[in-house]
Amino acid sequence: MDERRLKHWGWGYEDQAPSEAELREAAVGIRERFGFGGGPEEPVPLEEVELRASRLKVPSAFGDLFSDDRYERVAHALGKAYRDVVRGFRGEFENPPDLVAFPKDESEIEVVLEWAEAEGAAVIPFGGGTSVVGGVEARLGDRPVVSLDLRQLDRVLEVDGESLAARIQAGATGPGLEDQLREHGLTLRHFPQSFEYSTLGGWVATRAGGHFATLYTHIDDLVESVRAISPRGTWQSRRLPGSGAGPSPDRALIGSEGILGVIAEAWVRVRPRPEFKSSCGVEFEDFPAAAVAVREIAQSGLNPANCRLLDAMEAGIMGAGSGEKSLLVLGFESPHLPVDESMRLALDIAQSHGGVPTSPPPGRSIPRAAKRGSVGSASRQGRDDGGSAVESWRGAFLLAPYLRDTFVACGVLSETFETAITWDRFEEFHADVMAAVRVKVAAVCGTPADGDGAPRVSCRLTHVYPDGPAPYFTVLAPAIRGGEVEQWDEIKAAAAEAVIEGGGTITHHHAVGRDHRPWYDRQRPAPFAAALRAAKAELDPGAILNPGVLIDP
């Protein structure tokens, strides 16, 4: 039986691609709903992709460690940003790796690094391939490249039930590690939108943010210790609940995007699976008023699991509202105690700012054991009785990466960018970024900024902190077929300029990669960049590890 394969160009598995009839139906629905889009096109089949010949020969001395298989080289060539999906859809793989390596243990990671350094080749660590910032694309000119796929290092190696921690290999996907932790009644509770395919190592390397809106949402908060393999030795910190012993070795690796070492495993903080859950949607006439309510909830110490605010357009796009009111998706969970009082207090705050619950507030949080079904996937992990608006949002959120492939086929530009800003600057920042992006999108697409058929630019707050939110912007516009990449790059540049000029971060949880480098270089302090280069020179003197990401060695 053939192994189920991921698409070589888009999101999900090959057998999940919509049929021709489904695409035609989708195209009609898209035009009716948005006023733009065209007839569906077909992706270039794998066998028709023009692929550069490998510049490296598979070394026979290492068995099946290396591969130059056509599918593997193509599937490891790009991430999953809009510009990646478009190029993959059109069969444009300009920078494929020359070889793909599949280590089964740390010793084979060391072999790959040693061999690549001797050959003068670069090595790009590859987890789930879900990067949306050019983090895994080998834009390295004439230099040969090995993609280092860690998918076979996918086990939960050890569980410390007393300390509530687990040692997990870097190649474990979200579902894979959750399935293994479930046997112990535990969860990592880290659910990014890419949960199905992304890996623990990828989360650590990119400082990934999870689905939950407050408290322990970034992988930073969940890491206890990291083990990484560099060309000059193994790097592992001591397991401790906290330490004041100088700068943290773990913090140097978290967010390092593979330039200092290949993350092999990590000890992470886990917790009992939630037994009590409650959620509710709250609608607001006014987005700024809703943001004030969210700020008060974030500063209240209630720490909701979900406190996601969608503006009216975003709610309409996601099918979670009429498109006329903003929607706050509010949720609480606990492994031990009912959360009804926390929900009541949060709803009191929301209602004091004009919020109206979309369904009667839950009267009693329901234990997980009393609900139908299991908690075995990203979609089931968040289930509760929060009303149709919340369920509609959740379903659309999980389907969004799959739907983007359909948008590409039907001539719709669909992409996002995200940032973070403090509360005192948020209102002005939000207005300035929205205005700048609307003007640029309309100009690039040749459409009116408002009215029927105009592009959609919307915003939601995905994470909220006591000192500020993480605004996440969505752009939907008519694509210029054959010129989609250039079209988005122009819009992205305007958005990034507005974000940096407004004092925000160029990325809140999507990492830097190669796409964000021009603006990251302006955001980071120059002495820090020099220190990072020095660290890389010590650990990776041959500059083989993901060169061009974060710094130029």
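On a 1 Å grid over the protein atoms alone, a pocket is an open set of points where a 1.4 Å probe fits, with protein on both sides within 12 Å along at least five of seven lines, and its lining residues have an atom within 4 Å of a point. Grid points are joined across faces, edges and corners, and a volume is the space filled by probe spheres set on the points. The model is predicted, so that local features need pLDDT of at least 70 and side-chain atom pairs count only at pLDDT 80 or more, whereas totals for chains, interfaces and linings use all residues. Residues are numbered from 1 along each chain as its sequence is written, and side-chain values use heavy atoms, with hydrogens and water left out.

The second largest pocket holds about 900 Å³ of space. Its lining comprises 42 residues, of which R207, T505, T507, Y520 and Q523 are the closest to the centre. Two or more lining residues are given by each of α6 (200-206), α7 (249-253), β19 (468-478), α15 (517-523) and α16 (526-539), the helices (H or I, at least four residues) and strands (E, at least two) being DSSP runs numbered from the N terminus. The largest share, 5 residues, comes from α16. By class, the lining divides into 20 nonpolar, 14 polar and 8 charged residues, where Ala, Val, Leu, Ile, Met, Phe, Trp, Tyr, Cys and Pro count as nonpolar, Asp, Glu, Lys and Arg as charged, and the others, Gly among them, as polar.

Helix packing was examined next. The axes of α8 (residues 287-298) and α13 (residues 423-445) come within 11 Å and cross at roughly 160°, axes being lines fitted to C-alpha atoms over the stretch in contact and angles running from 0 to 180 degrees between N-to-C directions. Helix α8 is therefore roughly antiparallel to α13, a term applied to angles over 145 degrees. In this pair F287, P288, A291, V294 and R295 of α8 meet W423, F426, E427 and H430 of α13, contact meaning heavy atoms within 4.5 Å. The contact of α8 with α13 has 6 nonpolar, 1 polar and 2 charged residues.

Helix α13 also packs with α14 (residues 484-501), at an angle of about 160° and with the axes 9 Å apart, and the two are therefore roughly antiparallel.

The axes of α3 (residues 82-89) and α14 come within 9 Å and cross at roughly 175°, which makes α3 roughly antiparallel to α14. Here Y82, R83, V86 and R87 of α3 meet E484, V485, W488 and D489 of α14.

Notes
Angles under 35 degrees count as roughly parallel, over 145 as roughly antiparallel, 65 to 115 as roughly perpendicular and the rest as oblique.
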